[in-house]
Amino acid sequence: MSRPRRERRSVVAVEAVGPYALVRVERGGIDPGVPGQFFMLEAPGRVLPRPMSLCLAPRSELAFLLDPIGPGTQALAALDVGASIAVFGPLGNGFRLDVPRPLLVGGGIGIAPLPYLAEALEHPPAVLGFRSEHHAEAAALLPNAEVVIDPVLVTEVMQTDRDVLACGPEPMLEAVRALCPEAQLAWEAPMACGYGACYGCVVEVEGELKRLCVEGPVLCSS
């Protein structure tokens, strides 16, 4: 497991991907870690950093897909090229990659860690769900994925005889778990510290309380 590092890195680009923003920063000495791990990114003008899954790890860069819906993510999406922000990571537990028949399943901004995961698994099949055609433009980050638009659900089209690795909103994850009890699920929650000190990211999973920043974000359902 890579040791997390905190460095100030320069912004290389901020690209629109449908309604989302892909923020690219210089990698420097930061290891990209395992797909599914996350980084804490400084949000300019905000007290607390924001947790972001690594979306892509091209040479010399780290790229993060975010949905600019709050003041922190909006500040990140508004960064200028050349701006400097603090980046801390990789943190948490990522996906296990030793699966024979992987299927990636994502919903909305939950697709964020899947492009990096797809590369690590040599581009397995994927099913992605979005609320609109505009949001579905992000599917370009996973070429050849099967895409469904609300009201169609990913659970209506996904194969249940494969090793599912999923990330998305909690109702989607609960539905995936009901169909595939062995699935690896990446859960989402607000995080203030990223290393287990504040207990701000505790969620209840199968009757147990989990600190997602240290026990997750990726949890196995059984």
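Biologist: Which residues does Phe-130 touch, not counting residues up to four places away in sequence?

Modeller: Contact means heavy atoms within 4.5 Å, and on that criterion Phe-130 touches Tyr-20, Gly-108, Ile-111, His-135, Ala-136, Ala-138, Ala-139, Val-147, Val-148, Ile-149 and Asp-150, once residues up to four places away in sequence are set aside. This is a predicted model, in which local features need pLDDT of at least 70 and side-chain atom pairs count only at pLDDT 80 or more, while totals for chains, interfaces and linings use all residues. Residues are numbered from 1 along each chain as its sequence is written, and side-chain values use heavy atoms, with hydrogens and water left out.

Biologist: What makes a set of residues a nonpolar core, and which residues have the most contacts inside the largest one?

Modeller: The term stands for a set of buried Ala, Val, Leu, Ile, Met, Phe, Trp, Tyr and Cys residues joined through side-chain atoms within 4.5 Å, where buried means under 20% relative accessible area, exposed over 50% and partly exposed in between, with a 1.4 Å probe and protein chains only. The largest such core has 29 residues, and those with the most contacts inside it are Leu-65, Leu-104, Leu-128, Phe-130 and Leu-142. At least two residues of this core come from each of β2, β5, α2 (114–120), β8 (126–130) and β10 (163–167). Domain 1 (5–91) and domain 2 (102–220) each supply at least three of its residues, the bounds being taken from an automatic or database domain assignment. A second, separate core has 19 residues, including Phe-39, Met-52, Ile-85 and Tyr-116.

Biologist: Why are β4 and β5 called edge strands?

Modeller: Strands are DSSP runs of E with at least two residues, just as helices are runs of H or I with at least four, numbered from the N terminus, and two strands pair if DSSP finds at least two bridges between them. Six strands form an open, antiparallel sheet in the order β4-β3-β6-β1-β2-β5, and β4 (50–53) and β5 (61–66) each pair on one side only, so they are its edge strands. Between β2 (residues 20–26) and β5 there are six antiparallel bridges; Leu-22 has Leu-65 as its bridge partner, and Glu-26 stands opposite Glu-61.

Biologist: Which residues of β5 point one way, and which the other way?

Modeller: In a regular strand the side chains alternate between the two faces of the sheet. Glu-61, Ala-63 and Leu-65 point one way, whereas Leu-62, Phe-64 and Leu-66 point the other way, and six of the six residues of β5 are buried.

Biologist: Why does His-123 count as exposed?

Modeller: His-123 has a relative accessible area of 60%, which lies over the cut-off for exposed residues, and it is therefore classed as exposed. His-123 is in the loop between α2 and β8, and its phi is near 60°, a positive value in a residue other than glycine.
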